[in-house]
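Reader: Could you take me through the rings in this structure? I'd like to see how each label gets decided.

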Amino acid sequence: MATSVSIKHTSSGLTKTGYYGFSWTYLFFGWLVPMIRGELGVAALHLLFSVCSLGIWQLIACFIYNKQYMQRLITSGWELVGSDHEVQSAKLSLGVS
């Protein structure tokens with residue numbers, strides 16, 4: 001199951017909810033998830049992988065998509081916010097320091 005964590009953009013102050021862990025949304029909707037989240041290049045790449053692998057990619061990506069998405073957000077100026085326990089748990093799961 002995906003675990004939610006609050007994230008905040010450092011320069012604009014916008015906040016939203018991020019997720020890490022297994023993605024049920026990606027399992028059911030596949031490449032549409034990155035497209036809806038505004039990652040058009042990633043969506044196109046995932047569509048290509050899904051077509052070339054006859055859908056097997058979608059079964060693999062549901063385990064890794066949330067982690068990769070959160071890592072891309074963190075490297076583009078978003079930071080984890082919330083209680084110390086939530087932040088430490090998310091950092092441990094995402095492999096960030």
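**How the rings get their labels**

Reader: Why is Phe22 called buried?
Author: Buried means under 20% relative accessible area, exposed over 50%, and partly exposed in between (1.4 Å probe, protein chains only). Phe22 comes in at 16%, so Phe22 counts as buried. Keep in mind that this is a predicted model, where local features need pLDDT of at least 70, side-chain atom pairs count only at pLDDT 80 or more, and totals for chains, interfaces and linings use all residues. Residues are numbered from 1 along each chain as its sequence is written, and side-chain values use heavy atoms, leaving out hydrogens and water.

Reader: And what makes Trp24 partly exposed?
Author: Its relative accessible area is 41%, so Trp24 gets that label.

Reader: How do you know that the rings of Phe49 and Trp57 are edge-to-face?
Author: Rings of Phe, Tyr and Trp (its six-membered ring) pair if their centres lie within 6.5 Å; planes under 30 degrees apart are stacked, over 60 edge-to-face, the rest tilted. Here the centres are 5.1 Å apart and the planes sit at 75°, so Phe49 and Trp57 are edge-to-face.

Reader: Why is Trp57 called buried?
Author: Trp57 has a relative accessible area of 18%, so buried it is. Its partner Phe49 is at 35%, so Phe49 counts as partly exposed.

Reader: What makes Lys16 a charge over the ring of Trp78?
Author: NZ of Lys or CZ of Arg must be within 6 Å of the ring centre and within 35 degrees of the ring normal. The charged end of Lys16 is 4.8 Å from the centre of the Trp78 ring and sits over it.
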